[in-house]
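Student: I am new to this structure and would like to go through it step by step. Could we talk about what the strands, helices and charged pairs are doing?

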Amino acid sequence: MRLLEMLPILVCLSLYCHFGCHQLAFASKPWNREHAGSSMLKTPSKWAEGFRQTYYQQKEGPEATHQVIEVPTVDVFELFATRLTRTLLSKEYALERIKQGAIHSYKTFHFNPHFKYLDSTKVKNMTQKVVQFSTHFNISYNTSFVHVPVEIYDRSEEVVAASIFTKALDQVFIANRANDKQLVSAWQHFGSSSGLWRNFPGKERDRYTFEISRSTSSNRKIDLYDCRRRLWYNQAINSPKDVVILMDMSGSMTGAHFKISKLIVQSLLDTLQQDDFFNVLYFNQATGFLIDCLNDTLAQATSYNKNQFKQAVTRLQSPKSVANFPTALKKAFRLINKVSTHRATSSSSCNKVIMLISDGIDFDEHTHEILDDENAEKEVVIFSYIVGQSTDEGRAEMKDIACQSGGEHYDFPTVGNVLDGVLKYQKRLSQPLGQSLDDHVIFTPLYLDGSGLGMMTTISTAVFSNKNGSDTRELIGVAGMDIVVSLLQQQYPVQKMGVFGHAFAINNNGLFLMHPKFKDQSGYLPDPATVYLDEVEFTTNPSKGIELKRAMINNETGCMSAEADWLFPKHSSQRVVRLNNTYCYRPMEKTPFFAGVSMPQQNAIQMVADKTKAHLFRRSGINALHSDDPNVIIEVAEWSFCDIRTEGEKKQPASIKYYPTAEDLYQYLKNNDEDLDEKCDEEMLLTLLLSASVVANFTRDHWSVEELTHNNITDAYIITSSGFTYILSTDVNNTKRLDRDIFEEIRFTHPASFYQKEFHNQLTFSVDIKSGKPQNLHDKEVFNDEEIGNIAIGKSVYTGDENTML
């Protein structure tokens, strides 16, 4: 079997030319004047004509073996959307089982102060069996492991209690994995409100992480992971909110107070999610905006915006003067009420929060008048953060301001209290969700998995429960599950979509769940990147891209046409083709996502085998999948022609995809040429066998190693739209075969030229792009005697009506 990890950047998803296209090409020996004769340039044209004649002999014989069909874009789209929705909903059902298991265990567990849990940072010292998962890390499918943030005492009563009631989730994790094979590669986890995080499969962690710098030296960094700071946790327990942070910059805030307050602001910003809107104000005698250009408004809490504010905090000058609390509070109230009333685009239109950071407030009647006038209905919740050592009066006043609004106050005497302390406000804001009986399931934007599984999204839901007969449901944690994007990409029929056809999905903010242009980032993203649909669908009329995004996030269903430019190949994006695309889209029920596909109009024409005439080519096609000739290499595209994995391969993660090789298919089919069982996609496989049969007939009559050698040709190959590739090489020891990049270059180039008929009779020249430009190669030296590497010369074969490439 050929092993391939399905990542967003894999070219195999676009590696075939559509419309029944066949491409003939060869790679010549190093190019120079002597080899640039006209006979070499005539060779692919001669082959193309011979292949066309072979094709027509089979097409126009007594019984035609194939048919040209029209596949509407909407049909391909519905197939993709249905598959993707079913995959996402199955994960929601598994998540619900984790949630219910946690609620039941929380209500029934008994506390044991001596309970010992499997700490993921200490598992090497235990007898727990650890199994090999991959070459990158060890995990255990027998049990989950626990992680406790480094700033929390790992034997505190709250942590031990969480470790006990979450231990029962192992049975749920294992059952979910058994019921859904796609969960083999998914992390299932539960983050408790105490900070304890239980993860399955159990994975070893080190208190120290190692990051290799550009100089290859190792930098040892403390593991500061806290599940409560992760996006999947924050989004699950909080509704969207408008936040104004008020930072005291009066003279009493110098020294340690100033350092603590800056860290609090930066840490609070980390807890905000993309549905939140915020601003930061500082005050002493006067009140100002941290970033001048964002005065009188709120900014969306994207990673970029939050980073800009963090940098601005570090540039703040030393505190001075005295604090005018009434003026600062009034300005904060006016701002948060104004944007929520008049500017829907800069407001979450949901919760309103003011976060006040100071070392204490002296009692002032005017302050309370502001609170009564501006917040009479208690619509704005205030959280107060007291830094350093404060007087009893100053602390009491800060506490009173928070409590009157329904908020809470927190003490931060030292820097060490900040990381854990800033998270506590989330539990208070989660209370409305706890009283609601509605399920609140969220999906995070994409991020890069730190364990090497690639781009993923996390689905999570808050878990509330009451105990000991209490009527109030309190937050006990968040259940989560990771879904790798490569699993989602496997849900659309790549063989039907053509080189430039593609599928995508976005969330209600217009951000990607999946798209072929959304590539893996170079490092572990602490916060997902913000890339919008209209930034990668390069419509020639930009308003069309915006129109598409708005139609999707407005829950509309439909199709639209738009001219768009597409960069290719994926590994370099050095070329561009202009396409007339049809976009179809609709919301996916019970999820916050919207599915869409883009297909060039010509992709609707496809060649497929006639199932009723399969007896005419099936046996010859099967035989063409195998060759004992050492000069011949047979390959098939990485498509799911048949699911003939071994039992061991079926147990591998769903993100790791096994595709049958040509030899795998031959061995499976050679004794079974009458009936195709449920393991195979009949239409896809028969079309492959048909093209293999045609190619075998052509190469038998027209190709030989002697002819290639005589014409200074090293390799000749044919690539078909059905996924069949035939290579004839003059080197029997050619273990590296033909450079795959040349394949990609040819396959991408011909579809690009297809849209302009004047290119139909032209050749395509491609160099080995992996080797880069040869040294000393300038415009005037293209045909000098210096060897510059292999050159591939290709030609597409078209039907007589010039509407379909063979």
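Predicted model: local features only at pLDDT ≥ 70, side-chain atom pairs only at ≥ 80, totals over all residues.

Student: Which residue of β8 is the bridge partner of Q188?

Tutor: Q188 has F200 as its bridge partner in β8.

Student: And how many residues lie between β7 and β8 in the hairpin?

Tutor: The hairpin has four residues between the two strands. One of the turn residues, G195, has a positive phi of about 105°.

Student: Which other strand pairs with β7, and in which sense?

Tutor: β7 also pairs with strand β22 (residues 474–484), in the antiparallel sense and over five bridges.

Student: Is β7 buried or exposed, then?

Tutor: Five of the five residues of β7 are buried, so the strand is largely enclosed by the rest of the structure.

Student: Which residues of β7 point which way?

Tutor: Q188, F190 and S192 point one way, while H189 and G191 point the other way. Residues on both sides are buried. As a general point, side chains in a regular strand alternate between the two faces of the sheet.

Student: What joins F200 to P201?

Tutor: A cis peptide bond joins F200 and P201, with omega at about 0°. P201 is located in the loop between β8 and β9 (202–203). In general, most peptide bonds are trans, and most residues other than glycine have a negative phi.

Student: Which residues other than glycine have a positive phi?

Tutor: Two examples are S321, with a phi of about 65°, and N555, whose phi is near 65°. S321 sits in the loop between α7 and α8 (325–342), and N555 in the loop between α16 (542–553) and β26 (558–568).

Student: How accessible are S321 and N555?

Tutor: S321 is partly exposed at 43% relative accessibility. N555 has a relative accessible area of 51% and counts as exposed, because the exposed class begins over 50%.

Student: Changing topic to helices: at what angle do α6 and α7 cross?

Tutor: The axes of α6 (residues 256–270) and α7 (residues 303–314) cross at roughly 180° and come within 10 Å. That crossing makes α6 roughly antiparallel to α7.

Student: Which residues make the contact?

Tutor: On α6 they are K262, V265, Q266, L269 and D270. On α7 they are K306, F309, K310, V313 and T314. These contact residues comprise four nonpolar, two polar and four charged.

Student: Now the charged pairs. How many salt bridges are found in the whole structure?

Tutor: The search finds 15 salt bridges. One of them joins the side chains of E379 and K352, at 3.5 Å from N to O. This pair links distant parts of the chain, 27 residues apart. E379 is in the loop between α9 (365–374) and β17 (380–387), and K352 is in strand β16 (residues 351–358).

Student: Is K352 buried or exposed?

Tutor: K352 is buried, with a relative accessible area of 14%. In general terms, side chains of opposite charge can pair when their charged atoms come close.

Student: Which residue does E682 pair with?

Tutor: E682 forms a salt bridge with K611, and their closest N and O atoms are 3.9 Å apart. E682 belongs to helix α20 (residues 682–702), whereas K611 is in the loop between β29 (605–609) and α17 (618–624), 71 residues apart. Both ends are partly exposed, E682 at 37% relative accessibility and K611 with a relative accessible area of 43%.

Student: Finally, what does the secondary structure of the chain come to?

Tutor: The protein chain has 22 helices and 35 strands. Of its 806 residues, 57% are buried. Among contacts between residues at least 6 apart in sequence, 76% join residues at least 24 apart.

Conventions: Residues numbered from 1 in each chain as written. Heavy atoms only, no water. Axes fitted to C-alpha atoms, helices over the stretch in contact; angles between N-to-C directions. Parallel < 35°, antiparallel > 145°, perpendicular 65-115°, else oblique. Contact = heavy atoms within 4.5 Å. Nonpolar A, V, L, I, M, F, W, Y, C, P; charged D, E, K, R; others polar. Salt bridge = Lys/Arg side-chain N within 4 Å of Asp/Glu carboxyl O. Buried < 20%, exposed > 50% of the residue type's maximum accessible area, 1.4 Å probe, protein only. Pairing = 2+ DSSP bridges.
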